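Please look through the structure below with this briefing at hand.

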Amino acid sequence: MRKPKEMIRNAVISIFLIVVFGASGKAFADDTCVDFKWDVTQERGLFAGTATQLPAGADAKSAPVMQLNHLYALKLMPQDQVTFAATPGKKTPSAGSNAGVFTFKLPASGSYRVAIDMPFWIDVVSNGALVAAKDFQGQHGCGAPHKIVEFELAGTRPFFLQLSNAASSSVRLTITATPARKL
């Protein structure tokens, strides 16, 4: 027959193992950020880091410069105070929407992704016209990232990034080169 101290110790160890392994299994099962169809390793890595604060521009002249492969915490402003470089693709903003204009330059033509932590409209402008999105994905309940929009961008000239129709006045965002797809 076991001693009471040994029985209590074994019970405590069993409870500890159930809590640790049960909770970690649940955390992975509930991680809605793993269901993207694309490889989002670089975006997830950036979203796990510290974000640089950056206020939005009210127009193309005041648009702050963004760098690739960097996480930003962007401070937006009321959309009715923003003059866009091109009319946003989402024509009718929701009441009380927030927006902002930013600029970025590329090292080379290619496929690039804009990833954000919540739902709102993303446009890229080149030579005064909207660039059509190549593809997009989103995951409900995920904020690291929530939505990724992919664009095929030609040239190295500065592009404008327009964010609009955002309920929140603050969003986190990255711009990254699309990784090569594995066959």
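Six strands form an open sheet with mixed pairing, in the order E1-E3-E12-E6-E10-E9, where strands are DSSP runs of at least two residues, marked E and numbered from the N terminus, and two strands pair if DSSP finds at least two bridges between them. The model is a predicted one, in which local features need pLDDT of at least 70 and side-chain atom pairs count only at pLDDT 80 or more, while totals for chains, interfaces and linings use all residues. Residues are numbered from 1 along each chain as its sequence is written, and side-chain values use heavy atoms, with hydrogens and water left out.

- Strands of a sheet pair through backbone hydrogen bonds, either parallel or antiparallel.
- E6 and E10 pair in the antiparallel sense over seven bridges, and Ser-111 has Glu-152 in E10 as its bridge partner.

**Salt bridges**

- The count comes to five salt bridges, a salt bridge being a side-chain nitrogen of Lys or Arg within 4 Å of a carboxyl oxygen of Asp or Glu.
- One of them joins the side chains of Glu-150 and Lys-134 at 3.9 Å, N to O; Glu-150 lies in strand E10 (residues 147-153) and Lys-134 in strand E9 (residues 133-138), so this pair ties together parts that are 16 residues apart in sequence.
- Glu-150 is buried, with a relative accessible area of 1%, whereas Lys-134 is partly exposed at 43% (buried means under 20% relative accessible area, exposed over 50%, and partly exposed in between, with a 1.4 Å probe and protein chains only).
- Lys-134 also meets Glu-152 in a salt bridge at 3.2 Å, N to O, and Glu-152 is partly exposed, with a relative accessible area of 45%.
- Through salt bridges that share partners, Glu-43, Arg-113, Lys-134, Glu-150 and Glu-152 are joined into one network.
- The side chains of Asp-117 and Arg-172 meet in a salt bridge of 3.3 Å, N to O, which links distant parts of the chain, with Asp-117 in the loop between strand E6 (110-116) and strand E7 (121-126) and Arg-172 in strand E12 (residues 170-177), 55 residues apart.
- Asp-117 counts as buried at 17% relative accessibility, while Arg-172 is partly exposed at 25%.

**The aromatic pair**

- A search of the whole structure finds one aromatic pair, where rings of Phe, Tyr and Trp (its six-membered ring) pair if their centres lie within 6.5 Å, and planes under 30 degrees apart count as stacked, over 60 as edge-to-face and the rest as tilted.
- The rings of Phe-104 and Phe-159 have centres 5.6 Å apart and planes at 20 degrees, so the pair is stacked.
- Phe-104 counts as buried at 1% relative accessibility, and Phe-159 counts as buried at 1% as well.

**Asp-123**

- Asp-123 has its place in strand E7 and is buried, with a relative accessible area of 6%.
- The side chain of Asp-123 reaches the backbone nitrogen of Gly-89 at 2.9 Å.
- Not counting residues up to four places away in sequence, Asp-123 touches Pro-88, Gly-89, Leu-130, Phe-160, Leu-161 and Gln-162, contact meaning heavy atoms within 4.5 Å.

How values were computed
Helices (H or I, at least four residues) and strands (E, at least two) are DSSP runs, numbered from the N terminus. A polar contact is a pair of N or O atoms within 3.5 Å; within protein, one must be able to donate a hydrogen and the other to accept it, and residues adjacent in sequence count only if both atoms are side-chain atoms.
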